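Begin with the chain as a whole, then go to the sites, and end with the backbone.

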Amino acid sequence: MAANGEFSFRSSGVKGRNGLPKIHTDKKAADESDICHDDSATPVKAQTLDELHSLQKKKSAPTTPIQAALGEFAEEDRHKQQMQSISASLASLTRETGPKVVKGDPARAAETPRVAPVSHHHFEPTLDISDSGLKFTHILYNLSPAELYEQAIKYEKGSFITSSGALATLSGAKTGRSPRDKRVVKDETTDDLWWGKGSPNIEMDEHTFLVNRERAVDYLCSLEKVYVNDQFLNWDPEHRIKVRIVSARAYHSLFMHNMCIRPTPEELASFGTPDFTIYNAGQFPCNRYTHYMTSSTSIDVNLSRREMVILGTQYAGEMKKGLFSLMHYLMPKRGVLSLHSGCNMGKDGDVALFFGLSGTGKTTLSTDHNRYLIGDDEHCWSDNGVSNIEGGCYAKCIDLSREKEPDIWNAIKFGAVVENVVFDEHTREVDYSDKSVTENTRAAYPIEFIPNAKIPCVGPHPKNVILLACDAFGVLPPVSKLNLAQTMYHFISGYTALVAGTEDGIKEPTATFSACFGAAFIMLHPTKYAAVLADKMQKHGATGWLVNTGWSGGSYGSGSRIKLAYTRKIIDAIHSGELLKANYVKTDVFGLEIPTEIEGVPSEILDPANTWSNKKAHEETLLKLAGLFKKNFEGFLNYKIGTDSNLTDEILAAGPNF
Ligand SMILES: Nc1ncnc2c1ncn2[C@@H]1O[C@H](COP(=O)(O)OP(=O)(O)OP(=O)(O)O)[C@@H](O)[C@H]1O
Ligand SMILES: O=C([O-])CC(=O)C(=O)O
Ligand SMILES: [Ca+2]
Ligand SMILES: [Mn+2]
């Protein structure tokens, strides 16, 4: 480059008579040179192309002194134990005990014979030899994102790299969870579970579970290779759970790599036996002649065996939320509260929880450039404070925009999985407004893709508990301050309203009530979680808030969704403590305390009654929604919350009055 920044050719030192560089053919002359060499001078250290290719990849470097100290024998032992553990995980219950498993990609054929087959001498003689007992199952163990990308692109139709570097994939026929196909084994250990009306736990017996388990395991072992992830749940070391995920798709393995906590190499070396195992055979259906099965999809949890089987759905969220259900069972046993909430922390250590059903804003509002992100969806609140259960986020992508949600936008890069999005076939730019595959398009990315993620994902006791509702009726205020009884009333109600199918034009919104803002995932009766939440909020002086991220100025169809920018201002005022100091007035019917002013938010929208042009329609809609709340709460009237009945009575009184 010339000094002025313009590009120019470097003038060559030795020139021939015609001005061109002289070509030296004489070896001696070239060796003793001060003359210019050809840049490619050093030859490759390979005799053949195969050798050349073998130079490209080196063995992953041992990372720490711990591993170095293990020595070669210990390392070999550890590897053998790992393979035995995986073989045991994949064991058929009716034939030989564990399949022959071998680590590595079958496509890298040259490498496989070097690995000694796992010996089965400690097992009983096989009951029934089958072809599956003679073949090897290759184990792709905790692959890296780059390796999983290659697997997905090579072997899974519908896998593509988007222009931002994310892996686009299709989840198949199912683009959301299938709660009606979830089953939980009912046995002597599950008496304390919530069964019956309203409960998400539909029973199955142990035998049927084993039938489905065998079906999944046979399917997985029939494949040439399966993916195994060994990872953790819960950033609180005291309550950490070890999970193993066995799956048939690189998509599933990468999704869980992103969503669970990723072990360090040392943690992986000493992983041992998992506390819980998922068998994801989602490409393979369940057999509908099997007892308890009502479709070809079945998601089965067996708490005694610490196992979960997935048949007939490839939607990866089933694994995420299956593990969340497990935490809703395990954590309360330890006095730890599990929460379907987002969580973030201010610079001064003030923590906020964001409860809400799907699509109400947990991910959007907890991902806040001015605050540390602890997590977007699943948390625990123990005596130690709050901790994220997961290692990643799962953001809705529909209508995602760089301007409104920059941190989420930027997190969709190499390593992230985007499900069911539509992209330009040439540029691979994703069109986030396209609902051709589904409205529930999603991105799963490791939490550290958010620049201000708080790692480790733990924080002190919450100061604010924000209940989010996307009220498509447009009658709940944008924000209300709640007393403890109101917080419990709305926590147990778990309200949101969804907009019904949009294809035939405008439809009535439908109210959904989902206890604890996650009835699909809780294992015990809602009042058990509510009692612990009330106790913790009281003990740590947390304030409850109800935030409507839905409609204003009318119901869906006539009004419009509250601007995200306004909701963010409201949330800012909660975090800063400003809102606690505001003036409040009480609304009719719901008896909610609403502020008269918030910086950056037009005051006239703070009371929904002001925003409806048709006052009569407003009144009717308000009463209609209040009636739905009342009816829903009837199911909880016979339950006591906490140790005395005072709180129960207060909570009942905290609902709508009309
Ligand atoms: N005022 C608003 N407040 C919050 N979100 C809004 C608002 N207006 C529009 N949105 C959109 O609503 C969606 C909220 O979805 P989000 O992913 O945060 O849901 P979630 O509560 O995390 O659900 P899930 O549990 O299913 O992950 C986003 O797509 C967001 O852009
Ligand atoms: O589980 C899913 O598919 C997405 C999610 O977070 C929810 O529905 O709460
Ligand atoms: Ca979310
Ligand atoms: Mn969720």
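Accessible areas here come from the Shrake-Rupley method with a 1.4 Å probe, and for residues only the protein chains shown count as cover. On that basis the protein chain exposes about 31,400 Å², of which carbon and sulfur atoms supply 53%. The model is a predicted one: local features need pLDDT of at least 70, side-chain atom pairs count only at pLDDT 80 or more, and totals for chains, interfaces and linings use all residues. Residues are numbered from 1 along each chain as its sequence is written, chains are lettered from A and ligands numbered from 1 in the order in which they are written, and side-chain values use heavy atoms, with hydrogens and water left out.

The protein chain has 658 residues, and 52% of them count as buried (buried means under 20% relative accessible area, exposed over 50%, partly exposed in between, with a 1.4 Å probe and protein chains only). Its secondary structure consists of 17 helices and 32 strands; these are DSSP runs numbered from the N terminus, helices being H or I with at least four residues and strands E with at least two. A contact means heavy atoms within 4.5 Å. Among the contacts in the protein chain with a separation of 6 or more, 73% are between residues 24 or more positions apart.

Turn next to the metals. Donors are N, O and S atoms within 2.8 Å of the metal, or 3.2 Å for Na, K and Ca; water is not among the atoms, so sites may look incomplete. His340 lies in the loop between strand E12 (337–339) and strand E13 (341–345), and Asp377 in the loop between strand E15 (372–375) and strand E16 (379–382), so the pair ties together parts that are 37 residues apart in sequence. His340 is buried, at 5% relative accessible area, and Asp377 is also buried, at 7%.

The calcium ion (ligand 3) is 4.9 Å from the manganese ion (ligand 4). Its donors are Thr363 (OG1) and Tyr394 (O), at 2.1 to 3.2 Å. Thr363 sits in helix H10 (residues 362–366) and Tyr394 in strand E18 (residues 392–396), 31 residues apart, and the pair links distant parts of the chain. Both Thr363 and Tyr394 are buried.

Several of these names return around ligand 2. A residue is near a molecule if one of its heavy atoms lies within 4 Å of it. The side chain of Arg177 places an N or O atom 2.6 Å from an oxygen atom of ligand 2, and a polar side-chain atom of His340 is 3.2 Å from an oxygen atom of ligand 2. Taken alone, ligand 2 exposes 260 Å², and the protein buries 94% of that.

Ligand 1 is surrounded by 20 residues, the closest being Ser358, Lys362, Thr363, Glu405 and Arg442. An oxygen atom of ligand 1 is 2.8 Å from an N or O atom in the side chain of Lys362, and a polar side-chain atom of Thr363 is 2.8 Å from an oxygen atom of ligand 1. Of the 650 Å² of accessible area that ligand 1 has on its own, the protein covers 91%. H10, E18 and helix H14 (564–576) each give two or more residues to this shell, and H10 gives the most, with three. The shell divides into four nonpolar, nine polar and seven charged residues.

Finally, the backbone. Most residues other than glycine have a negative phi, and most peptide bonds are trans. The peptide bond from Ile455 to Pro456 is cis, with omega near -5 degrees. Asn234 has a positive phi, near 80 degrees, and lies in the loop between strand E7 (225–233) and strand E8 (241–247).

Note on methods: Polar contact = N/O pair within 3.5 Å; in protein donor to acceptor, adjacent residues only side chain to side chain. Nonpolar A, V, L, I, M, F, W, Y, C, P; charged D, E, K, R; others polar.
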